[in-house]
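I opened my notebook to keep track of what I looked up in this model. Here are my entries, in the order I made them.

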Amino acid sequence: MAECEVCGNDYDMAFEVHAQGAVHVFDSFECAIHRMAPVCEHCGCKVVGHGVQAGGRFFCCAHCASHAEGGEAVTDRV
């Protein structure tokens with residue numbers, strides 16, 4: 001069994017996420033998102049989907065990116 005690095009649960013179905021040369025162990029997607037998902041620089045929510053990048057910064061959507069970038073026209077990728 002492996003211990004989740006977020007909640008400490010020792011779980012027989014824990015999984016590993018390999019990212020940027022590091023290995024992370026989680027017992028649920030909830031814990032993985034909590035630790036690894038970027039945060040929107042405007043509203044502060046976790047960016048779980050595709051998100052938007054503008055000016056080298058991460059946002060959850062074009063709406064937040066437009067507000068943070070001073071009203072510039074930012075569109076979601078589709």
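**Entry 1: strands and the hairpin**

I counted two strands as paired if DSSP finds at least two bridges between them. Helices (H or I, at least four residues) and strands (E, at least two) are DSSP runs, and I numbered them from the N terminus. Before going further, I noted that this is a predicted model, where local features need pLDDT of at least 70 and side-chain atom pairs count only at pLDDT 80 or more, while totals for chains, interfaces and linings use all residues. I also noted that residues are numbered from 1 along each chain as its sequence is written, and that side-chain values use heavy atoms, with hydrogens and water left out.

I then looked up E3 and E4, which pair in the antiparallel sense over 5 bridges. Across from Ala 19 I found Ala 22 in E4. The hairpin of E3 and E4 has 2 residues between the strands, and Gln 20 takes a positive phi near 50° there. As a reminder to myself, side chains in a regular strand alternate between the two faces of the sheet.

**Entry 2: aromatic rings**

How many aromatic pairs does a search of the whole structure find? I got 2. My rule was that rings of Phe, Tyr and Trp (its six-membered ring) pair if their centres lie within 6.5 Å; planes under 30 degrees apart count as stacked, over 60 as edge-to-face and the rest as tilted.

Phe 15 and Phe 26 have ring centres 6.2 Å apart and planes at 50°, so I wrote this pair down as tilted. Phe 15 lies in strand E3 (residues 15-19) and Phe 26 in strand E4 (residues 22-26), so the pair ties together parts that are 11 residues apart in sequence. For burial I used these cut-offs: buried is under 20% relative accessible area, exposed is over 50%, and partly exposed is in between (1.4 Å probe, protein chains only). Phe 26 is buried because its relative accessibility is 0%, and Phe 15 is partly exposed at 24%.

Phe 15 and Phe 29 form an aromatic pair too, tilted, at 5.3 Å centre to centre with 40° between the planes. This pair links distant parts of the chain, with Phe 15 in strand E3 and Phe 29 in helix H1, 14 residues apart. Phe 29 is exposed, with a relative accessible area of 64%.

Gly 8 and Phe 26 are 18 residues apart in sequence, with their C-alpha atoms 8.8 Å apart in space. Gly 8 is partly exposed at 35% relative accessibility.

**Entry 3: salt bridges**

Side chains of opposite charge can pair when their charged atoms come close. I took a salt bridge to be a side-chain nitrogen of Lys or Arg within 4 Å of a carboxyl oxygen of Asp or Glu. The structure has 2 of them.

Arg 35 bridges to Glu 5, with the closest N and O atoms 3.0 Å apart. Arg 35 is in helix H1 and Glu 5 in the loop between E1 and E2, so the pair ties together parts that are 30 residues apart in sequence. Arg 35 is partly exposed at 41% relative accessibility, and Glu 5 is partly exposed at 30%.

Arg 57 bridges to Glu 41, again with the closest N and O atoms 3.0 Å apart. Arg 57 lies in strand E6 (residues 57-59) and Glu 41 in the loop between H1 and E5, so this pair ties together parts that are 16 residues apart in sequence. I have Arg 57 as partly exposed at 27% and Glu 41 as partly exposed at 43%.

**Entry 4: cysteines**

How many disulfides are there by the rule of cysteine sulfur atoms within 2.5 Å? I counted 0. Cys 4 is in no disulfide, and the nearest cysteine sulfur, that of Cys 31, is 3.7 Å away. Cys 4 is buried, with a relative accessible area of 2%. Cys 64 is in no disulfide either; the nearest cysteine sulfur belongs to Cys 60, 3.8 Å away. Cys 64 is buried at 6%.

Methods
A disulfide is a pair of cysteine sulfur atoms within 2.5 Å.
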